Amino acid sequence: MIYKHDQASIQGFLEDTSNLKTGHTPGVFFPETVDELAGLLKRDGAEPRRFTIAGNGTGTTGGRIPMGDYVISMQKLDRIDEPAVLSEKHAIMTVQAGALLENIQIKAEQSGWFYPPDPTEKLCFIGSTIANNSSGARSFKYGSTREHIARILIILPGGDRLDLSRGSCKADKQGTFHFTLPHSGAVTLQRPDYRMPATSKHNAGYFSKEGMDLIDLFIGSEGTLGVIAEADLMLIPRPASLISSLIHFGTIDDLFGFVKLLKEPENGISPRAIEFFDKNSLGLLAQKYPDLPRESEGAIFIELETTPESDEAALDTLFTLMESCNALTDNSWVALDREEQSRLREFRHTLPLLVNDWLSRQKESKISTDMAVPGDRFRELFDFYRNSCEQEGFVYILFGHIGNEHLHLNILPRNREEFLLAKVLYRKLVEKALALGGTLSAEHGIGKLKAEYLVGLYQERGIMEMVRVKKSLDPDLILNIGNIIPAACLETENH
Ligand SMILES: Cc1cc2nc3c(=O)[nH]c(=O)nc-3n(C[C@H](O)[C@H](O)[C@H](O)COP(=O)(O)OP(=O)(O)OC[C@H]3O[C@@H](n4cnc5c(N)ncnc54)[C@H](O)[C@@H]3O)c2cc1C
């Protein structure tokens, strides 16, 4: 197996997009086969080694950054099989964990199929998107990654293989899973007994629900319970046609009214994505797109799947809804063909790039939120975000998945003092979202950066439930230590 330990080779593995700078590792392993991966994790009587799993480093929470552990890079396990067609409506694509999401989506589309999960950043590995239960704009219609996974092959700490198909192992009435491993034999495992928040997206801590499927415990567990080596993805037919649009509003109330209408199915329109840009995001984007209307208080980006036959009717309905909510119709941007749609997609992707430029000029890190709340509490959180930032005089932008009541607030500090003040505010924002019945993370996960806040969601007891699950599957505590569960909680015997 390839192993590298020179500084030039390992440097890239000490980073993701979180700006966490304290990572260090003795070296990086690059397994080229699943057998090599399993061999690496095998208990061989020697002192167990600790490992951190590395995807492609686009994570935002420091999840792949090793704190002294060896790194396992998944990049050589990148096979993508041809789709296996099950019916007119379903196909399965088997992929290895290190395959790039972008390549998977291209390959699916080339044969007329579609893999819906679409975190904005496509240069991520599929295994990481499963480990993080990633979601994105299209999750409004299609849900998160877990809803599109039929099977995963997991290599457990210790080297055992667990090949899990959806439906093959479910928790009994007491919340216990029973399964057998090739080497370790029979295993019983108790799901955590906390209740997850009633938000439309949630990605904080281990999944737990009555009668749940064991596969869902691993999906979203951020590499703390095993290494995902391979997966069967569920594909659906590629949508025949698409309409994308960026629609501006002169008031936030009109914008909220429009989002409400879009979400009512009886209005005859069924978007797959409903995204938001606040005035400040548009102000930043105006550097590259000077024609954006200055009177816009905010914009909604939507994507509608249609057919060539239904295009016109969908556009009529869209314009009617826009008019009824006083949209700035003349300034809105409707993209009907692929070329124009890719220009609009580029517009959306320019925002994080501009934020990064801004931060590197200031030599500072942003403070960003990933919370979601139940629908009826969303406006309260939205106003709280904006009022708090205005009161502090922060530079900030607010954007993201408004269809799922899930926005990202990015506070952009101009100096160290503002950064420290923004950190204090972050804690208050978390407390507010949790008090509204929300979640700490709707999509980016907890990683190392947000582990200390998770106790606010599940209390000490919930953290202990997760520690118990972790220790059942990883008794030597070798895998992705520090992700989700603070490392100190794992080390306390009776925690
Ligand atoms: C500009 C930008 C936009 C983004 N937008 C979104 C978005 O809309 N929605 C969203 O959900 N996320 C988003 N993300 C976050 C990120 O893209 C996802 O979290 C993605 O899943 C990370 O993939 P990666 O391969 O880069 O993983 P890494 O950052 O390398 O690793 C992420 C985590 O996964 C673990 N891991 C990696 N591979 C495996 C494996 N095979 N088995 C078990 N654990 C593993 C790692 O240990 C780590 O904890 C965005 C990121 C950026 C930079």
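How many cavities of 30 Å³ or more does the structure hold? The structure holds one such cavity, a cavity being a set of points on a 1 Å grid over the protein atoms alone where a 1.4 Å probe fits but cannot get out. The model is predicted, and local features need pLDDT of at least 70, side-chain atom pairs count only at pLDDT 80 or more, and totals for chains, interfaces and linings use all residues. Residues are numbered from 1 along each chain as its sequence is written, and side-chain values use heavy atoms, with hydrogens and water left out.

The largest cavity contains about 40 Å³ of space, where a volume is the space filled by probe spheres set on the grid points, joined across faces, edges and corners. Its lining (residues with an atom within 4 Å of a point) is formed by Arg146, Met196, His202, Asn203, Ala204, Gly205, Tyr206, Phe207, Ile219 and Gly220. By class, five of these residues are nonpolar, four polar and one charged; Ala, Val, Leu, Ile, Met, Phe, Trp, Tyr, Cys and Pro count as nonpolar, Asp, Glu, Lys and Arg as charged, and the others, Gly among them, as polar.

The ligand is surrounded by 35 residues, each with a heavy atom within 4 Å of the ligand. The closest are Ile53, Asn56, Thr58, Ser128 and Ser135. Polar contacts are pairs of N or O atoms within 3.5 Å. A backbone N or O atom of asparagine 56 lies 2.8 Å from a ligand oxygen atom, and for glycine 57 a backbone N or O atom is likewise 2.8 Å from an oxygen atom of the ligand. A polar backbone atom of serine 135 is 2.4 Å from a nitrogen atom of the ligand. The protein buries 94% of the 990 Å² that the ligand exposes when taken alone (Shrake-Rupley method, 1.4 Å probe).

The shell around the ligand comprises ten nonpolar, 21 polar and four charged residues. Helix 4 (126-131) and strand 12 (227-237) each supply at least two of its residues, helices (H or I, at least four residues) and strands (E, at least two) being DSSP runs numbered from the N terminus. Helix 4 gives the largest share, three residues. The ligand shell lies between domain 1 (2-73) and domain 2 (84-191 + 204-238), because both give residues to it; domain bounds come from an automatic or database assignment.

The second largest pocket has a volume of about 670 Å³, a pocket being an open set with protein on both sides within 12 Å along at least five of seven lines. Among its 27 lining residues, Glu109, Arg138, Arg272, Arg338 and Arg345 are closest to the centre. Helix 10 contributes the largest share of this lining, six residues.

How values were computed:
Polar contact = N/O pair within 3.5 Å; in protein donor to acceptor, adjacent residues only side chain to side chain.
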